Structures are given as structure tokens and as C-alpha cells.
Amino acid sequence: MEREHNLVPEDVLWKRFLYRIIYRSDTRLGKLFDIVLLSLIFASTAIIMTESIPKLGKKYHYTFLVLEWIISILFTIEYWMRIAVVKNKKSYIFSFFGIIDFLALTPFYLSFFFPVTKYFLIFRMLRMLRVFRIFNLLDFMNDGYLIVRALKNSSRKIYIFLLFLIIFSVIVGSMMFMVEGGRQGFETIPQSIYWAVVTVTTVGYGDVSPITPLGKFFAVILMLAGYSIIAVPTGIVTAEMRNKRQNLEKVCERCGNEDIDDDARYCKQCGKKLA
């Protein structure tokens, strides 16, 4: 969410009252509003999941339709109320939660023209992220931020690893196509590459398997290689998370910057010498 001073309404009593209820959870009404909102999200998700079951969807179609309309209208009112009470409306609309709120409503109105899109209402579950703010679990959000930063900083290493994995799968798949001689499941190189990917990732659907002794030998090598390959991205991300956690302990006393490199002597934002 954007900085609070961009959202707090000016001296309009009703706007401040609604803002306290809708955006804050430090009052009884604010807490009740958030709990009701989460309950509606749960109910909406349960309806969508239940409606996908043919027997129940056909039997309770009208009931599900009415409930979807009621819940979606309530969410629409809530969305426009969020926009109405804030000072800088653009700050909310283009914020992380603002975009999620908009995406949660869009499938309902698109379903008037494209009925199948109503199942995209399951994206309303993303609004459950507000549970961290509602129940004062912001420390969990900090841990999530740590994971995201670790993935971002190790992305180049992961891209290189994935490129190597693609090349490896293409080579092994091509070899299996030649070894198996076009037998069932290995009629083409793309089909053989599919088998190689399924095997090296240790998924093992079992829908395709080699028959020749040499093919089985390659399969054993690929299975054993799969276990070591899985450990590579895990090790990369784990090492980055450990480094990031150590870096988070370093905080600039002047500006509060937490993004500090291991060998940094001065803060990259304000220039203050680090302790």
C-alpha cells in the first residue's frame, strides 16, 4: 500500500469515519468489517469450487447464481467506497491491493459476455493477503519479503540453471529417440524430450517408458541426475536467503535503509558511515 498520508482523507468527517473502518483494523467496527470481508471471500471461493461439480452445479445453479450476484455487488460497493474515501485516489487504484481488488471484480462483469470467465473469480483469494494486516501478522510479511528478495537476487543463477536444464533435456531426449528407434512414446524428438523432462524432474508419470536395455540404462542415469539437479536451485535460493537475513540485521541509523551490501562501509541512500 502507498504511504498513509496519500490515502488519509482531508477534513471531511464522514470520509475519515469510513476510512478508519475500511482501511484500518484498530477499532471494533474496522475489525468487524475486515472479518466480514474475509468471510465473503471464503464464501465466494467455496461457491465457485462447488459450482464446478456437475451434480451440485446443476441442482443448485439458481442458488449459486443469486449468491454470486449478492457477493459481487457487495464487493463492488466496497471497492468504490475505498476509492471514494481516500485523498489520492490514484495511489489506491494503482497500489498492490488496489489492483488485486480490481482484478477480483473484473471476472464477474466479464462473465456477462464470456460465461467461462466467472471461474476466474477464484482470484478473490488474493485478497486474503489482507489477513496479515488485519491480525497484526506483519512479521510474516517481512519473511515473505525476504523470500521475494532472495528469489530476485538469485534469478540470474536460476535462469542459467534452467537454460542448462533445457539443453540437457533436448540432448537426452534426442538420444532416447535414436536409442528407442521410434517406439511407442518415442515416435518423435519432442515426445522424447517430454519424457526426458518428466524423468529429470523426478515427476515420473509413467505414461512413457523405455523398452530397450540401453534406453533403460539412460533412464537410470537421468533419474539419478534428477536428484542432484533438484538440489541446485534450492541451494542457490537458500544461500541467498541466508545472506539477505544477515544483511537485514544491518540498518542505517540515519535513514533506516535495510538494503545494505555485505562489504558496504557507507549507506547507499544517505551516505552515512555504517557502524
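The following legends describe close-up views of a predicted model.

**View 1. Crossing of helix 9 and helix 10 in the predicted model.** Helix 9 spans residues 155–180, and helix 10 spans residues 189–200. The axes of these two helices come within 7 Å and cross at roughly 125 degrees. Helix 9 is therefore oblique to helix 10. The crossing in which helix 9 passes helix 10 is right-handed.

**View 2. Residues in contact between helix 9 and helix 10.** Helix 9 contributes L165, F168, S169, V170, V172, G173, S174, M176 and F177 to the contact. Their partners in helix 10 are I189, S192, I193, W195, A196, V197 and V200. Classified by residue type, the contact comprises 12 nonpolar and four polar residues, with no charged residues.

**View 3. The second largest pocket and the residues closest to its centre.**

**View 4. Helices and residue classes in the lining of the second largest pocket.** Helix 10 (189–200) and helix 11 (213–248) each supply at least two residues of the lining. Helix 11 gives the most to this lining, with five residues. By class, the lining of the second largest pocket contains 10 nonpolar, five polar and two charged residues.

Note on methods. Residues numbered from 1 in each chain as written. Predicted model: local features only at pLDDT ≥ 70, side-chain atom pairs only at ≥ 80, totals over all residues. Heavy atoms only, no water. 1 Å grid on protein atoms, 1.4 Å probe; cavity = no way out; pocket = protein on both sides within 12 Å on 5 of 7 lines; lining within 4 Å. Helix = DSSP H or I, 4+ residues; strand = E, 2+ residues; numbered from the N terminus. Nonpolar A, V, L, I, M, F, W, Y, C, P; charged D, E, K, R; others polar. Axes fitted to C-alpha atoms, helices over the stretch in contact; angles between N-to-C directions. Parallel < 35°, antiparallel > 145°, perpendicular 65-115°, else oblique. Left-handed = near helix turned anticlockwise from the far one by under 90°. Contact = heavy atoms within 4.5 Å.
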